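Open the model in your viewer and keep the sequence panel beside it. Each stop below gives a selection and what to look for.

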Amino acid sequence: MLDGNAAAGLLQEVFAVEMTTAVATCDNCGASEPVGAVHVFRGAGTVLRCPHSDNALVKIVKTATEVWISFAGVRTLKTPG
Ligand SMILES: [Zn+2]
């Protein structure tokens, strides 16, 4: 086992791709859609919801100094390799 630093290059690579064409699978209903096709709601933060079950897929809150991201509603996220 290594610590998280061993995945630094891989993480930088996978999160630097075009995210609107990445395909997210909803952890609630199992539907898969490109991120560009989900429903977006803006308030204190931004919430991306499944267009089939309304499950909160991704929650993003951005402050002046930090970005908080939750992918709790996403089962998998598929990007081009
Ligand atoms: Zn869903």
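Is Glu66 buried, partly exposed or exposed? Select Glu66 to find out. The model is a predicted one. Glu66 sits in the loop between S5 and S6. Its relative accessibility is 42%. Buried would require under 20% and exposed over 50%, so Glu66 counts as partly exposed. The side chains of Glu66 and Trp68 are joined by a polar contact of 3.4 Å.

**Zinc site**

Select the zinc ion next. Four residues coordinate the zinc ion: Cys26, Cys29 and Cys50 through SG, and Ser53 through OG. The distances run from 2.2 to 2.4 Å. Check the angles among the four donor atoms: they span 104 to 113°, and the site is tetrahedral. For reference, the ideal angle for four tetrahedral donors is 109.5 degrees. In the sequence panel, the donor residues follow the spacing C-x2-C-x20-C-x2-S.

Keep Cys29 and Cys50 highlighted. Cys29 belongs to the loop between strand S1 (23-26) and strand S2 (32-34), while Cys50 belongs to the loop between strand S4 (46-49) and S5, so this pair ties together parts that are 21 residues apart in sequence. Cys29 is partly exposed, at 40% relative accessibility. Cys50 is buried, with a relative accessible area of 3%.

**Cavity**

The structure holds one cavity of 30 Å³ or more. The volume of the largest cavity is about 50 Å³. S1 and S2 each contribute at least two lining residues. S1 gives the largest share, with three. By class, the lining of this cavity has seven nonpolar, three polar and one charged residues.

**Pocket**

Which residues lie nearest the centre of the largest pocket? Select Met19, Leu48, Val58, Ile60 and Phe71. They are among the 15 residues that line the largest pocket. Its volume is about 270 Å³. Now colour by strand. Strand S5 (56-62), strand S6 (67-70) and strand S7 (74-78) each supply at least two residues of this lining. The largest share, three residues, comes from S5. Finish by colouring the lining by class. It divides into 14 nonpolar residues, one polar and no charged.

Terms used
Residues are numbered from 1 along each chain as its sequence is written. This is a predicted model: local features need pLDDT of at least 70, side-chain atom pairs count only at pLDDT 80 or more; totals for chains, interfaces and linings use all residues. Side-chain values use heavy atoms; hydrogens and water are left out. On a 1 Å grid over the protein atoms alone, a cavity is a set of points where a 1.4 Å probe fits but cannot get out, and a pocket is an open set with protein on both sides within 12 Å along at least five of seven lines; lining residues have an atom within 4 Å of a point. Grid points are joined across faces, edges and corners, and a volume is the space filled by probe spheres set on the points. Helices (H or I, at least four residues) and strands (E, at least two) are DSSP runs, numbered from the N terminus. Ala, Val, Leu, Ile, Met, Phe, Trp, Tyr, Cys and Pro count as nonpolar, Asp, Glu, Lys and Arg as charged, and the others, Gly among them, as polar. Donors are N, O and S atoms within 2.8 Å of the metal (3.2 Å for Na, K and Ca); water is not among the atoms, so sites may look incomplete. Four donors count as tetrahedral if all angles lie between 85 and 135 degrees; four count as square planar and six as octahedral if opposite donors are over 155 degrees apart and all others between 65 and 115; anything else is irregular. Buried means under 20% relative accessible area, exposed over 50%, partly exposed in between (1.4 Å probe, protein chains only). A polar contact is a pair of N or O atoms within 3.5 Å; within protein, one must be able to donate a hydrogen and the other to accept it, and residues adjacent in sequence count only if both atoms are side-chain atoms.
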